[in-house]
Amino acid sequence: MSTGKGRERHIPSQFNQGERFAMKEALKGAIQIPTVSFSPDDINTTALAEFGEFIRTVFPTIFKTRFIQHEVIGEYSHLFTVQGSDPSLQPYMLMAHSDVVPAPDEGWEVPPFSGLEHDGFIHGRGTLDNKNSLMAILQALELLLIRNYIPRRSFFIALGHDEEVSGQNGAQKISALLQARGVKLAFIVDEGNFILDGFIPYLKKPFAMIAVSEKGGINLRLQVNMTPGHSSAPPKETSIGILAAAISRLEQTPLPNMFGSGPLKTTLQELANESFGFRLMERNYITNALVRTTMALTMFNAGVKMNVIPPMAQAIINLRIHPAQTVQEVGDIFKNIVADDRVQFHVLTAFDPLPVSPSDHQALGYQLLRQTIQSIFPEVNTIAPGICIGNTDSRHYTNLTTSIYRFNPVYLHPQDFRSIHGINEKISVQAYETQVKFIFEFIQNADTYQEPIPHLHEL
Ligand SMILES: CC/C=C\C/C=C\C/C=C\C/C=C\C/C=C\C/C=C\CCC(=O)O
Ligand SMILES: N[C@@H](Cc1ccccc1)C(=O)O
Ligand SMILES: [Zn+2]
Ligand SMILES: [Zn+2]
């Protein structure tokens with residue numbers, strides 16, 4: 001019988017040689033299955049089906065445990081419902097995705113789908129984004145079950161298969177299903193931030209950034225139409241020139257630096273005694289993305305023939321909106337910068353930044369992450385709320401909770417950051433083992449967490 005405190009049931013996160021060997025081999029196996037998403041209607045369904053078989057083989061205990069229900073959603077996504085022993089505790093959800101972005105062989109030290117181990121690292125596409133998390137979640141649960149652990153608090157594991165192409169068939173369907181079942185979650189933990197090390201030259205120590213929001217986005221098409229004609233008698237301005245000038249004005253006028261606004265305000269306070277400021281953040285293109293709405297000119301098309309005045313010029317701009325701004329505000333700023341009625345704006349897709357999740361003393365998910373970071377990474381003495389500069393599947397779950405945290409318990413250096421969606425993506429065997437350890441502890445902490453006792457004068 002449980003005393004309610006439950007610490008006595010704590011199982012130490014120690015794994016024997018055989019378990020440690022098996023866990024890294026399992027990650028290699030996952031990397032070797034090329035579950036690539038090219039576009040919403042071009043995903044590798046053969047590989048995704050194989051991946052479904054693969055997890056059944058390497059985590060047999062999960063699949064035969066009677067208090068765990070497994071469902072396949074949208075053909076290739078997986079939802080696990082782990083029924084805890086105490087129905088009075090609100091459930092939470094752990095997330096990851098099985099798909100990866102394409103990886104042509106060029107430039108890689110080892111082939112991207114080889115999963116080769118070399119110098120203590122497992123190499124390949126998905127080792128940081130995001131098969132490491134997917135495998136570590138299942139691995140930690142498998143090991144807890146083998147040790148006869150029975151969770152008190154129910155939880156879900158949601159593994160999307162199309163995150164890299166927007167999550168419409170995976171995360172969105174799981175979200176709708178859980179909503180139909182009346183599920184409300186205490187919190188969600190997904191990918192999206194790391195223990196950051198070496199991003200700011202003056203910041204010597206690593207710090208853990210738990211993303212409490214993520215950027216919004218706009219895909220915008222700018223278009224200029226002009227009358228075509230013979231190139232021998234050209235007008236003063238062409239559609240190409242007008243559009244190029246408009247785009248150049250946009251590139252030369254960065255959106256405002258929002259450092260100190262939104263979730264990063266607290267981050268600034270937490271790092272207050274460190275010597276850096278907002279001008280420092282914009283010097284580097286990665287930290288720059290943290291402090292402002294960014295724009296990337298991704299496509300440009302114009303002209304039909306060498307001797308024809310171009311009837312039309314078109315450009316696509318991909319914007320990532322800082323959580324302290326909105327789609328509307330950014331659109332207005334852009335129109336003011338362009339300030340030319342001949343340039344037409346067409347919004348192709350747009351969504352606002354995600355709401356800011358709580359990070360106060362009462363925020364269960366945040367505090368559990370904090371507590372687990374402190375025990376697994378005692379050398380990390382700053383843990384701060386921040387933002388995620390990319391987008392994650394968790395954005396499809398705002399209907400189930402207001403507490404969404406994006407954090408991977410893995411050290412990230414600038415070269416690792418560049419490897420995500422880039423080349424030579426890899427994770428050290430030690431870092432992967434630590435990730436398993438973290439989740440193994442996290443699940444137990446979620447079962448035994450004691451809310452901080454309020455001070456007498458607050459009663
Ligand atoms: C005050 C803050 C100071 C320093 C912070 C420095 C650098 C932080 C930089 C980047 C944030 C880290 C990681 C983002 C990595 C990946 C993108 C996120 C989600 C991925 C979604 C996906 O593509 O599947
Ligand atoms: N997760 C990917 C793909 C994506 C983009 C935009 C929206 C949804 C998903 C990214 O942030 O780049
Ligand atoms: Zn990705
Ligand atoms: Zn990802």
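Biologist: Where is Asn130 found?
Modeller: Helices (DSSP runs of H or I, at least four residues) and strands (runs of E, at least two) are numbered from the N terminus. Asn130 is found in the loop between strand S7 (121-123) and helix H4 (131-146). Keep in mind that this is a predicted model, in which local features need pLDDT of at least 70, side-chain atom pairs count only at pLDDT 80 or more, and totals for chains, interfaces and linings use all residues. Residues are numbered from 1 along each chain as its sequence is written, while chains are lettered from A and ligands numbered from 1 in the order in which they are written.

Biologist: Which kind of peptide bond joins Asp129 and Asn130?
Modeller: Look at omega. The bond between Asp129 and Asn130 is a cis peptide bond, with omega about 5°.

Biologist: Is Asp119 buried or exposed?
Modeller: Here we count neighbours. A residue is buried if 20 or more other C-beta atoms lie within 10 Å of its own, exposed if 12 or fewer, and partly exposed in between, with C-beta atoms placed from the backbone. Asp119 counts as exposed because it has 9 C-beta neighbours inside 10 Å. Asn424 has 17 other C-beta atoms within 10 Å, so Asn424 is partly exposed. In strand S9 (residues 188-190) you can pick out Ile188, which counts as buried because it has 24 such neighbours inside 10 Å. Across the chain, buried residues make up 43% of the 459 residues.

Biologist: What is the order of the open sheet of 4 strands?
Modeller: Its order is S14-S16-S12-S17, again with antiparallel pairing. At the edges lie strand S14 (294-302) and strand S17 (344-351), each pairing on one side only. Strand S12 (residues 216-225) is joined to S17 by 7 bridges. Within S17, Thr349 is opposite Asn219.

Biologist: In which sense do strand S11 and S18 pair?
Modeller: Strand S11 (residues 207-214) pairs with S18 in the parallel sense, over 6 bridges. The bridge partner of Met209 in S18 is Ala384. Strand S18 (residues 383-388) has 5 of its 6 residues buried, so it is largely enclosed by the rest of the structure.

Biologist: Which residues surround ligand 2?
Modeller: We list the residues near the molecule, meaning that the C-beta atom, placed from the backbone, lies within 6 Å of it. For ligand 2 these are Glu163, Glu164, Ser166, Gly217, Gly390 and Asn391. Next, we sort them: Ala, Val, Leu, Ile, Met, Phe, Trp, Tyr, Cys and Pro count as nonpolar, Asp, Glu, Lys and Arg as charged, and the others, Gly among them, as polar. The shell around ligand 2 then holds no nonpolar, 4 polar and 2 charged residues.

Biologist: Into which domains is the chain divided?
Modeller: Domain bounds come from an automatic or database domain assignment. Here they give domain 1 (7-200 + 355-448) and domain 2 (216-256 + 292-351). The centres of the two domains, taken over C-alpha atoms, are 39 Å apart.

Biologist: How many helices and strands are there in the chain?
Modeller: The chain has 13 helices and 21 strands. Along the principal axes, its C-alpha atoms fill a box of roughly 90 × 60 × 45 Å.

Notes: Two strands pair if DSSP finds at least two bridges between them.
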